[in-house]
4 protein chains.
Amino acid sequence: MQLGLIGLGKMGGNMRDRLRAAGHTVVGYDTNPEISDATTVADMVEQLTESPRVVWVMVPVKAVRPVLEELAGLLGEGDVVIEGGNSKWINDHHNADLLAGRGIGYLDCGVSGGVWGKELGYALMCGGSSEDVAKAQPIFDALKPPGEFGFVHAGEVGAGHFAKMVHNGIEYAIMQAYAEGWELLAASGEVTDVPAVFESWREGTVIRSWLLDLAVNALKEDPNLDKIRGYAEDSGEGRWTVEAAIDLAVPAPAISASLFARFASRQDDSPAMKMVAAMRNQFGGHAVLA
Amino acid sequence: MQLGLIGLGKMGGNMRDRLRAAGHTVVGYDTNPEISDATTVADMVEQLTESPRVVWVMVPVKAVRPVLEELAGLLGEGDVVIEGGNSKWINDHHNADLLAGRGIGYLDCGVSGGVWGKELGYALMCGGSSEDVAKAQPIFDALKPPGEFGFVHAGEVGAGHFAKMVHNGIEYAIMQAYAEGWELLAASGEVTDVPAVFESWREGTVIRSWLLDLAVNALKEDPNLDKIRGYAEDSGEGRWTVEAAIDLAVPAPAISASLFARFASRQDDSPAMKMVAAMRNQFGGHAVLA
Amino acid sequence: MQLGLIGLGKMGGNMRDRLRAAGHTVVGYDTNPEISDATTVADMVEQLTESPRVVWVMVPVKAVRPVLEELAGLLGEGDVVIEGGNSKWINDHHNADLLAGRGIGYLDCGVSGGVWGKELGYALMCGGSSEDVAKAQPIFDALKPPGEFGFVHAGEVGAGHFAKMVHNGIEYAIMQAYAEGWELLAASGEVTDVPAVFESWREGTVIRSWLLDLAVNALKEDPNLDKIRGYAEDSGEGRWTVEAAIDLAVPAPAISASLFARFASRQDDSPAMKMVAAMRNQFGGHAVLA
Amino acid sequence: MQLGLIGLGKMGGNMRDRLRAAGHTVVGYDTNPEISDATTVADMVEQLTESPRVVWVMVPVKAVRPVLEELAGLLGEGDVVIEGGNSKWINDHHNADLLAGRGIGYLDCGVSGGVWGKELGYALMCGGSSEDVAKAQPIFDALKPPGEFGFVHAGEVGAGHFAKMVHNGIEYAIMQAYAEGWELLAASGEVTDVPAVFESWREGTVIRSWLLDLAVNALKEDPNLDKIRGYAEDSGEGRWTVEAAIDLAVPAPAISASLFARFASRQDDSPAMKMVAAMRNQFGGHAVLA
């Protein structure tokens with residue numbers, strides 16, 4: 001089938017390749033004309049000749065709303081827009097309302113898979129009406145990994161991004177789990193070949209996983225991770241996960257610990273620990289470092 | 001090759017089956033005569049006719065030391081004992097010393113795989129001398145999963161159980177990660193089919209893993225886990241992991257959060273929260289529940 | 001001076017008493033006519049004869065906005081409204097805008113002191129313009145404890161509630177600190193008189209504090225806290241503190257741990273721990289409780 | 001009364017001053033002859049002419065055992081030794097056994113108060129028999145702060161150091177509470193005068209405490225703590241508190257979070273966060289810092 005695809009960056013570009021390899025017609029639009037198949041969003045929409053038209057939006061979060069506003073004026077009754085970026089789930093309701101005024105359907109679709117998705121397939125978590133999902137199902141089928149898993153229609157609008165958000169929250173804590181274990185193995189003198197231990201865990205253990213496989217890859221390239229600084233960004237979903245947990249009074253100690261560890265990793269000097277050091281100095285005369 | 005195997009419970013019994021299926025001769029001893037191949041430990045040792053003799057000990061932690069003391073009097077120069085249970089790594093050094101006095105080698109071998117190991121193979125993390133490992137290698141090869149992973153010679157005596165301990169610490173935090181995510185999905189109304197979301201994650205996601213597969217199995221049997229109480233035991237390695245982290249000044253916030261969540265799950269009423277409620281009542285007149 | 005005071009509940013009623021004892025004229029309004037000095041808010045405003053008029057709002061969070069909307073129609077140029085409740089600081093800006101349209105000043109004032117404030121004085125954290133603060137200063141002076149501490153003009157509108165929010169976040173973690181320590185003392189057999197230990201800490205220790213004094217009071221009434229359930233509510237500021245920390249990428253592990261401990265205290269059965277138990281059962285055949 | 005006092009460092013020296021000011025005779029011994037009242041421990045014991053003899057040991061943890069062994073040969077039936085240092089409570093039982101062989105009593109006494117104790121008095125938490133406590137009571141009375149608090153006979157041998165250990169664990173989490181709050185106030189633009197907010201909290205608030213007073217002192221000297229690095233040591237009792245909690249299956253999330261924050265503050269580069277960054281790079285192509 002035909003698909004309009006807005007945003008041809010690291011994710012969108014690879015998705016276009018995977019969809020074309022599956023036999024679909026993708027009309028891609030990007031602000032970079034060198035990789036774009038259309039001169040404007042309007043031009044892209046015009047190139048879509050099938051009905052209903054389906055447009056996948058794969059742009060940075062800040063750009064989502066302006067793109068949807070433009071699409072609201074270009075698409076019409078029965079068409080479907082898929083927000084495949086990292087929108088916060090509560091914004092999906094507003095986005096759906098915007099398009100509903102023109103009779104345009106809206107699906108929110110969380111996408112996982114990173115740089116590996118082009119080859120292995122992307123995991124898709126989708127929210128919206130069954131009718132709209134059906135219109136885009138061939139696209140989902142081409143993007144997802146082969147086999148029975150990797151796609152879910154999770155619920156109404158918002159459910160897709162909510163599920164993806166929780167996926168990422170879980171991801172934070174799993175990464176933190178391996179990271180703490182790795183640091184502990186490396187800090188102790190007991191285990192003399194830490195990368196070999198990690199690699200051995202790939203089969204037969206309770207903790208075998210894809211993230212473990214990636215950790216093994218990283219340790220093969222750099223056995224002590226000497227070339228990498230202990231500095232970890234966060235992309236938002238981890239924060240939203242903890243916020244949603246707070247909102248729903250759900251204890252989330254491991255996920256929040258993982259989030260805070262990332263925050264701390266980005267501080268050259270911890271203000272909180274300045275205060276702890278200052279108080280120790282006040283009551284015990286303990287030396288402080290300047 | 002021949003192997004003496006002491007302890008034929010859930011783990012040891014399955015290991016005997018897997019080893020025999022691979023063509024090895026296993027003389028098993030258990031205090032339960034119905035499943036034992038020998039009347040006593042001494043009888044078991046006598047049935048081992050190859051040299052060196054290799055004996056695998058697979059008994060509850062408390063029984064390890066008495067069994068080793070008995071073996072010290074039955075085995076001799078060049079023989080090897082493998083402690084495959086959940087001994088604390090620091091005890092391995094004492095165990096090795098005991099046997100070294102008789103010229104008997106000692107290997108500590110952490111075993112992962114649970115009830116699935118018989119079919120899929122057991123992950124093995126081994127500590128001791130290369131010479132002793134070599135004597136038992138055919139046994140390790142038969143127990144481990146097929147392929148290149150699942151066995152590691154992690155270092156000197158103690159390294160095997162240390163690696164297994166860290167494996168289990170990581171396991172705690174990974175389980176906690178999925179558990180927090182599941183609770184959050186279930187608590188929110190956004191996602192209407194939570195088991196379907198978990199199942200979809202099995203391919204293409206960053207968080208695909210064997211533990212996720214098990215969670216999906218559990219949700220198939222009981223979609224809301226209504227039949228299971230939120231009560232989680234801990235078997236010791238999680239505690240030791242946090243203790244080792246404290247000893248080495250390694251931050252372990254996610255693993256310790258996971259351990260404390262298990263402790264809390266076993267309290268009918270939290271003493272600490274009684275105190276919090278009491279203080280709230282004192283300063284704010286907030287009602288307390290009796 | 002004269003003060004209009006809306007809301008005469010546990011807090012507002014005591015504040016009226018303290019202000020009158022200090023010689024101020026308080027015209028209180030409450031929906032409960034038995035304790036109200038005025039029949040309506042309009043009646044209350046009419047009874048204020050000094051200029052500028054100052055009105056303190058001390059109502060539940062949900063009622064704040066409607067009360068402010070009513071006051072916007074009753075007060076005028078140069079008058080001042082003080083929001084003394086537990087509004088979220090970000091709402092203060094909206095509140096101030098509402099009143100600014102009528103030339104009415106707005107102060108947000110976080111109030112601490114609970115049931116003890118009437119006697120000992122209330123700690124006040126205030127946000128707004130210096131001009132507006134000056135108009136209400138006699139009221140602040142009467143409400144605050146004697147001495148040099150207990151009142152702060154923390155910054156522009158919002159700063160008062162922000163400071164109060166952080167105060168409460170700190171409060172959560174301090175309470176959790178004593179609570180964990182108390183549980184540990186009680187769980188161990190080492191210390192035979194736990195209440196005596198807590199009481200002794202009231203002088204000379206690093207951890208002496210007002211909350212400790214309250215804990216001692218509670219232990220005098222009920223040495224093992226047998227009459228109190230380990231169930232702790234939270235009133236919102238703790239959640240906002242963690243949310244603000246997340247927003248500003250500030251690690252807040254102790255405050256968030258305290259918040260999550262309260263959440264967990266209110267669960268009869270932990271969903272997350274059901275999942276942990278389910279996974280343990282899947283991989284290890286570990287028994288689960290039904 | 002007479003007291004032998006071994007160790008005249010920061011703590012012991014001040015204690016000697018306070019005891020002498022209260023009219024007691026202190027024979028102090030220190031390896032530094034310039035501050036010592038005796039040439040050797042034996043000389044010190046000889047100068048004690050009252051019976052029973054009471055000797056207070058105030059030396060670094062490592063030196064405790066050798067000093068006790070020396071005292072075992074110098075003191076006799078009915079004499080009492082007080083271990084006032086930071087011994088781990090489980091060692092108190094061994095220490096008591098050593099001395100009991102010679103009929104010498106043993107008290108473990110946790111001491112809090114830091115550099116302020118000389119003036120304000122030291123909080124004392126004591127373990128041992130009532131008979132031995134009575135022999136030293138005049139010394140305890142002189143060291144403790146005036147008034148009814150500041151001394152507790154917490155239980156048998158070990159109870160004093162256990163109580164002191166828990167005191168310090170609580171201290172860690174309270175300090176962390178203020179530290180997190182301070183960082184959050186400083187990070188947000190809402191509050192323009194953070195030291196003023198802290199100072200105002202000294203009266204009327206729920207969180208007024210001696211540690212808050214110290215934090216205010218520190219902020220007066222250095223309003224943004226610019227001169228202090230965010231680097232915090234730990235002296236052992238915090239670690240033991242968490243270990244004891246783990247041993248007794250007591251959840252201690254806030255205290256352990258505080259301990260781990262100190263560990264992290266001493267790492268130039270977090271190994272765990274290297275691993276997190278490495279995994280992010282593997283799955284998402286996210287940049288890493290070198």
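This is a predicted model: local features need pLDDT of at least 70, side-chain atom pairs count only at pLDDT 80 or more; totals for chains, interfaces and linings use all residues.
The sulfur of A:C109 lies 4.7 Å from the closest cysteine sulfur, the one in A:C126, which is too far for a bond.

**Cysteines**
- A disulfide calls for two cysteine sulfur atoms within 2.5 Å, so the 4.7 Å between the sulfurs of A:C109 and A:C126 rules one out.

**Strands β3 and β4 of chain B**
- Strand β3 (residues 54–57) and strand β4 of chain B run parallel and are joined by 4 bridges.
- Within this pairing, B:W56 has B:I82 in β4(B) as its bridge partner.
- B:I82 points one way from strand β4 (residues 80–83), along with B:V80, while B:V81 and B:E83 point the other way.
- All of these β4(B) residues are buried, B:E83 included.

**Helix α6 of chain A**
- Helix α6 covers residues 130–143 of chain A, and its 14 residues should span 20 Å at 1.5 Å a residue. Its end C-alpha atoms are 18 Å apart, which agrees.
- Where does the helix kink? A kink of about 60° lies at A:A136, shortly before the proline A:P138.
- A:A136 is also buried, as are A:D132, A:V133, A:I139, A:F140, A:A142 and A:L143 in this helix.

**How the chains are arranged**
- Chain A superposes on chain B by a rotation of 180° with 0.0 Å of shift along the axis, at an RMSD of 0.0 Å. The two copies are thus related as by a two-fold rotation axis.
- Which residue of chain A comes closest to the rotation axis? A:S209 does, with its C-alpha at 2.0 Å.
- Of the interface residues of chain A, 100% are also interface residues in chain B, so the copies meet through the same surface.
- A rotation of 180° with 0.0 Å of shift along its axis also superposes chain A on chain D, with an RMSD of 0.0 Å. Here too the same surface serves both copies, as 100% of the contact residues of chain A recur in chain D.

Definitions and conventions. Residues are numbered from 1 along each chain as its sequence is written. Chains are lettered from A and ligands numbered from 1 in the order in which they are written. Side-chain values use heavy atoms; hydrogens and water are left out. Copies are superposed by least squares on the C-alpha atoms of residues with pLDDT of at least 70 in both. Contact means heavy atoms within 4.5 Å. Helices (H or I, at least four residues) and strands (E, at least two) are DSSP runs, numbered from the N terminus. The expected span of a helix is 1.5 Å times one less than its number of residues. The bend at a residue is the angle between axes fitted to the seven residues ending there and the seven starting there. Buried means under 20% relative accessible area, exposed over 50%, partly exposed in between (1.4 Å probe, protein chains only). Two strands pair if DSSP finds at least two bridges between them.
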